[in-house]
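Subject: Structure for you to look at

Hello,

Here is the structure I said I would pass on. Please look through it first, then read my notes below.

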Amino acid sequence: MKTVREIAEMMGTSSADLVKVKQRIRDEIKRQDIKVTKKGNRFMIADSDVVRVKEAVQSKGNEKSSKIFKEKEDLLKEIEELKSQNDRLKKANKEKAEEIIRIKTQKNEEIRRLNLKIEEFADDFKELNNKQLQLNNQQQQLQARILEQTKQLNDSQQKLISSAERSSQLQEKVEKIENASLWKRITRNFD
């Protein structure tokens, strides 16, 4: 006859796992409905039942161990897959980062080129604006000269008209004098 503790020690249980294994043994005793005898403070199990309980607990332990081992293997596979996926993502991220840098570089170059064109256009516009101002000044000067010359021309025309009128008046007087009688010439009364 053996106690639960003795059965656990027979199975080679470490002191750290002793409480767990003892509970498994108790559970297996209840499950198999094995008769337990009490001897003092100890519960004793017949040797024929000890073998059955021991095998059942060990097989369940082996099943649990194999299940845990399988779970560990599955987790390790999953970790490897995650590592592989992480590596792929890092590679893709690096490629994207390089592409972004390349695109930024191209855009910056394009912006620089466009800024240079804008500066050229601004310089050309400034130059054209200055030329336009010069042309406007020249046009105003020409208009002022044309106005002055027109005024002078008008003045000259007025003088010519006045001269023509006086010439015409003088011509009339000359004709009157030439056509006047002797008496009128002597008296100088030509009217």
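How many helices and strands are there in the protein chain? The protein chain has four helices and two strands. Both kinds of element are DSSP runs numbered from the N terminus, with at least four residues (H or I) for a helix and at least two (E) for a strand. Along the sequence, their order is α-α-β-β-α-α.

Before the details, two notes on the source. This is a predicted model, in which local features need pLDDT of at least 70 and side-chain atom pairs count only at pLDDT 80 or more, while totals for chains, interfaces and linings use all residues. Residues are numbered from 1 along each chain as its sequence is written, and side-chain values use heavy atoms, with hydrogens and water left out.

Overall form

The C-alpha atoms of the protein chain fill a box of roughly 195 × 30 × 25 Å along the principal axes. Buried residues (under 20% relative accessible area, with exposed over 50% and partly exposed in between, using a 1.4 Å probe and protein chains only) make up 11% of the 191 residues. Of the contacts (heavy atoms within 4.5 Å) with a separation of 6 or more, 49% are between residues 24 or more positions apart.

The core

The largest nonpolar core has 12 residues, among them Val 4, Leu 18, Ile 29, Ile 45 and Val 57. A nonpolar core here is a set of buried Ala, Val, Leu, Ile, Met, Phe, Trp, Tyr and Cys residues joined through side-chain atoms within 4.5 Å. Helix 1 (4-10), helix 2 (18-32) and helix 3 each give two or more residues to this core. The largest share, four residues, comes from helix 2.

Leu 18, one of the core residues, touches Arg 5, Ala 8 and Thr 13, leaving aside residues up to four places away in sequence.

Is Glu 28 buried or exposed? Glu 28 counts as buried because its relative accessibility is 2%. With residues up to four places away in sequence again left out, Glu 28 touches Val 53, Ala 56, Val 57 and Lys 60.

Asn 154 lies in helix 3, which covers residues 47-179. Asn 154 counts as partly exposed because its relative accessibility is 38%. From C-alpha to C-alpha, Asn 154 and Glu 120 are 50 Å apart in space, and they are 34 residues apart in sequence.

Regards
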